[in-house]
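Hello,

Here is the structure I promised to pass on. Please open it first, then read the notes below with it on screen.

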Amino acid sequence: MTTPLVAQAAEIHRGGGNGNAVPERVDVYQPYEVDQILLPDFAQCLAVKTFLHMCGIQFTKKLRPNAEQMSPSGGLPFIKCGPQIVSEFDSIVEFIGIKGLSLSEDLSGPQKSELKAYMALTINRLKLAELYVTWQDKHSSEAITKPRYGSPYPWPLQHLLPWMKQREMKRYLKVQEWADKTVEQVHAEVNLCCKALSDKLGEQYYFFLDRPTELDALVYGHLNSLLTTKFTSVQLAEDVQRYPNLVRFCERITERYFTEGGER
């Protein structure tokens, strides 16, 4: 007998379409935002949706309680484009690039290398900080993370699955040498990343050229999530607010892509 969760996962593998052209519309799969999604996934989902807006690709947001289990890599979000399924920010950017649309195609070779370095910095500092305050910080993990992560599941899965996920994330943070950091050290890491991004942005509208690139989408997804999140008890917003040009950057992206009917 097919369970509802298995049926949902199988459903997204059906369909057809032109496999070579830049897609006009895709489906974006993610967890429910009100009572389930966690800060790291929220940031990554926002980055992908911002990237799609910047590319002019329309999308339909598909909320699924088992989106993580439906994803081919286990990472979020994932998109469905005809029969093709692609998960996580970097792979989605690469997929759209293969289709013929790259936001950074006009950058020089050195600029592309610099863009990749700043994208790696954003992931290696901001995403790890988000994972830390979500799963490693005791108060956040017990009061917020575990209840949200377990909310779609019946007992005893609502307790067992968050515990298993926390063990996985703690092992990952240990490998990344973040597990033994203090909250103060996490704030320092976020501050260092924000300073580097602030110095690069300066008074420009975007990080490169006069139009957005993948870096703008990724940085916005993470910084705006830190500025607005209610998903942890460790507030990192003050670290971002120290850099007014980064706050203005987030406000500009929000106004351009999300205040006039743009789906978030």
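Start at Asp 27: its bridge partner in S3 is Lys 80. Keep in mind as you look that this is a predicted model.

That bridge joins two strands. S1 covers residues 25-30. S3 covers residues 78-81. The two pair in the antiparallel sense, over three bridges.

S3 has another partner. It also pairs with strand S4, residues 84-87, again in the antiparallel sense, and here there are four bridges. One of the contacts to find is Cys 81, whose bridge partner in S4 is Gln 84. S3 and S4 form a hairpin, with two residues between them. Gly 82 sits in the turn and has a positive phi of about 65°.

Which way do the side chains of S3 point? Phe 78 and Lys 80 point one way. Ile 79 and Cys 81 point the other way. All four are buried.

**Pockets**

Now to the empty space. Rolling a probe the size of a water molecule over the atoms shows where such space is left.

The largest pocket has a volume of about 580 Å³. It is lined by 27 residues, and the closest to its centre are Asp 41, Gly 75, Glu 88, Lys 127 and Leu 131. The largest share comes from H5, with eight residues. By class, the lining of the largest pocket has 14 nonpolar, six polar and seven charged residues.

The second largest pocket has a volume of about 180 Å³. Its lining includes Phe 89, Asp 90 and Val 93. Ser 102, Ser 104 and Glu 105 are also among the lining residues, as is Glu 214. H4 and H5 each supply at least two residues to this second lining. H5 gives the most, with four residues. The classes here are four nonpolar, two polar and five charged.

**A cavity**

How many cavities of 30 Å³ or more does a search of the whole structure find? The search finds one. The volume of the largest cavity is about 100 Å³. Its lining includes Pro 31, Asp 41, Tyr 149 and Tyr 153. Helix H3 (residues 67-70) gives the most to the cavity lining, with three residues. That lining has eight nonpolar, two polar and two charged residues.

**Cysteines**

How many disulfides are there in the whole structure? A search finds zero.

The cut-off for a disulfide is a pair of cysteine sulfur atoms within 2.5 Å. Cys 250 is in no disulfide either: the nearest cysteine sulfur, that of Cys 194, is 9.1 Å away.

Are these two cysteines buried or exposed? Cys 193 counts as buried because its relative accessibility is 0%. Cys 250 also counts as buried, at 2% relative accessibility. The cut-off for buried is under 20%.

Best wishes

Technical notes: Residues are numbered from 1 along each chain as its sequence is written. This is a predicted model: local features need pLDDT of at least 70, side-chain atom pairs count only at pLDDT 80 or more; totals for chains, interfaces and linings use all residues. Side-chain values use heavy atoms; hydrogens and water are left out. On a 1 Å grid over the protein atoms alone, a cavity is a set of points where a 1.4 Å probe fits but cannot get out, and a pocket is an open set with protein on both sides within 12 Å along at least five of seven lines; lining residues have an atom within 4 Å of a point. Grid points are joined across faces, edges and corners, and a volume is the space filled by probe spheres set on the points. Ala, Val, Leu, Ile, Met, Phe, Trp, Tyr, Cys and Pro count as nonpolar, Asp, Glu, Lys and Arg as charged, and the others, Gly among them, as polar. Buried means under 20% relative accessible area, exposed over 50%, partly exposed in between (1.4 Å probe, protein chains only). Two strands pair if DSSP finds at least two bridges between them.
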